[in-house]
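Here is a short briefing on one protein model. Take a look at the fold first, then read the notes by topic.

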Amino acid sequence: MATYLPEGYQTQYDMPVSFRNIADAHEALSSRRILEARAVVCDAAHNLIVDLGCMKGIIPREECAIGIKEGTTRDIAIISKVNKPVCFRVTAVRADEKFKPYAVLSRREVQEECRRLYIDGLHPGDIIRGRITHMESFGCFVDIGCGVIALLPIDAISVSRISHPRDRFVVGQNILAVVKTVGEDGRISLSHKELLGTWNENAAQFCAGETVAGIVRSVESYGIFVELAPNLAGLAELRDDVRVGQQASVYIKSLIPERMKVKLVIVDAFDCEEPPRAVTYYQKEGHLARFCYSPPQCSRVIETIFDEKEMDEEKN
């Protein structure tokens, strides 16, 4: 069975397709392999031109994406793929008026197959691979296979609150995510924070008495929240010279699991443009029936239930 990867995986971890001669193109046609290469031009008719090495490939407009033919997908979805890797299958090998060979390609066919054989079989709780395609204030759009997009809402990215997804990710970043919901129309909604560890798992990285690095995420009337890890933040007393987004050095006064609290003292805070931190995943594959963030001794329970069976048991 084919592996339906987000676009960009093949060109990142392997070489993009490059035909040496017309025989390579015919082999790709007969094998029906899913290939990937960079789109170099979107012509006036909104066909995508792909660099295939010894020849060019043409993805006709209606073959560029699911929904273009039906009018449910706008042409910006084609234009925005220029200078980016796209997946496709060779559907024909032809010659132009100068007898120069070219390949006819279909991205839509690959996307429909990916949806039918992979995405339609996903269930809430399944851990999958994804790739950030673009970000808005309300969340990230994630390629979950062959350019098929799912939404990762901002409040599902991490337990530690962020003001924008760019605080956590960059476009083109490969991530893991967990399927949160599957709509009646087949659309997938994702979550991410359940893969970043429980309160206990995150707190185990720190000890009272240490001075550690953090990021100021929120300044409230009662204190300043400083992120120590994507799924762990602590509260420090107010200071007039501290702003959201600053890097901070913080002294850990105490970690209180029964209250899910980390008490901090800000030693220093300063402006510094740094890229998002590398993501550490506590679970990388398989299925999550439920995830409980809070420690067992804490009266406040923070959990996510994915399986319908688990939800029914919770209600009963």
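**Confidence and overall make-up**

In this predicted model, confidence in the protein chain is lowest in helix α6 (residues 308-315), at a mean of 59, and highest in strand β5 (residues 101-106), at 98. These values are pLDDT, the predictor's confidence in each residue, from 0 to 100. The mean pLDDT of the protein chain is 93, and 96% of its residues reach 70 or more. Residues are numbered from 1 along each chain as its sequence is written, and side-chain values use heavy atoms, with hydrogens and water left out. Because the model is predicted, local features need pLDDT of at least 70 and side-chain atom pairs count only at pLDDT 80 or more, while totals for chains, interfaces and linings use all residues.

- The protein chain holds six helices and 17 strands. Helices (H or I, at least four residues) and strands (E, at least two) are DSSP runs, numbered from the N terminus.
- The C-alpha trace spans about 75 × 50 × 30 Å along its principal axes.
- Of the 316 residues in the protein chain, 45% are buried. Buried means under 20% relative accessible area, exposed over 50%, and partly exposed in between (1.4 Å probe, protein chains only).
- Among contacts with a separation of 6 or more, 62% come from residues 24 or more positions apart. A contact means heavy atoms within 4.5 Å.

**The barrel**

- Five strands form a closed barrel in the order β11-β12-β13-β15-β14, with mixed pairing. From one strand to the next, the twist averages 50°. Such angles run from 0 to 180 degrees between N-to-C directions, and the axes are lines fitted to C-alpha atoms, for helices over the stretch in contact.
- Strands β11 (residues 211-220) and β14 (residues 247-256) pair in the antiparallel sense over five bridges. Two strands pair if DSSP finds at least two bridges between them.
- Threonine 211 has tyrosine 251 in β14 as its bridge partner.

**The β9-β10 hairpin**

- β9 and β10 form a hairpin with five residues between them. Glycine 186 in the turn has a positive phi of about 90°.
- The two strands, β9 and β10, run antiparallel and are joined by four bridges. Threonine 181 stands opposite serine 189 in β10.
- In a regular strand the side chains alternate between the two faces of the sheet. From strand β10 (residues 188-191), Ile188 and Leu190 point one way, Ser189 and Ser191 the other way, and all are buried.
- Aspartate 185 and arginine 187 meet through their side chains in a salt bridge (3.6 Å, N to O). Arginine 187 is exposed at 66% relative accessibility, and aspartate 185 is exposed at 55%.

**Salt bridges**

- The count comes to 17 salt bridges. A salt bridge is a side-chain nitrogen of Lys or Arg within 4 Å of a carboxyl oxygen of Asp or Glu.
- Glutamate 109 and arginine 89 form one of them (3.1 Å, N to O). This pair links distant parts of the chain: glutamate 109 sits in helix α4 (residues 108-117) and arginine 89 in strand β4 (residues 85-95), 20 residues apart.
- Arginine 89 is buried at 3% relative accessibility, whereas glutamate 109 is partly exposed at 21%.
- Arg32, Arg89, Glu109 and Glu113 are linked in a network of salt bridges.
- Arginine 243 forms a salt bridge with aspartate 271, with the closest N and O atoms 2.6 Å apart. Arginine 243 lies in the loop between β13 (232-236) and β14, and aspartate 271 in the loop between β15 (261-270) and β16 (290-292), so the pair ties together parts 28 residues apart in sequence.
- Arginine 243 is partly exposed at 42% relative accessibility, while aspartate 271 is exposed at 55%.

**Glycine 172**

- Glycine 172 is in the loop between β8 (148-153) and β9 (174-182). The residue is partly exposed, with a relative accessible area of 27%.
- Leaving out residues up to four places away in sequence, glycine 172 touches Arg131 and Ile132.
- Glycine 172 and histidine 134 are 38 residues apart in sequence and 8.1 Å apart in space, C-alpha to C-alpha.

**Cysteines**

- A search of the whole structure finds zero disulfides. A disulfide is a pair of cysteine sulfur atoms within 2.5 Å.
- For cysteine 42, the closest cysteine sulfur is in cysteine 64, at 6.9 Å, too far for a bond.
- Cysteine 272 is partly exposed, with a relative accessible area of 35%.
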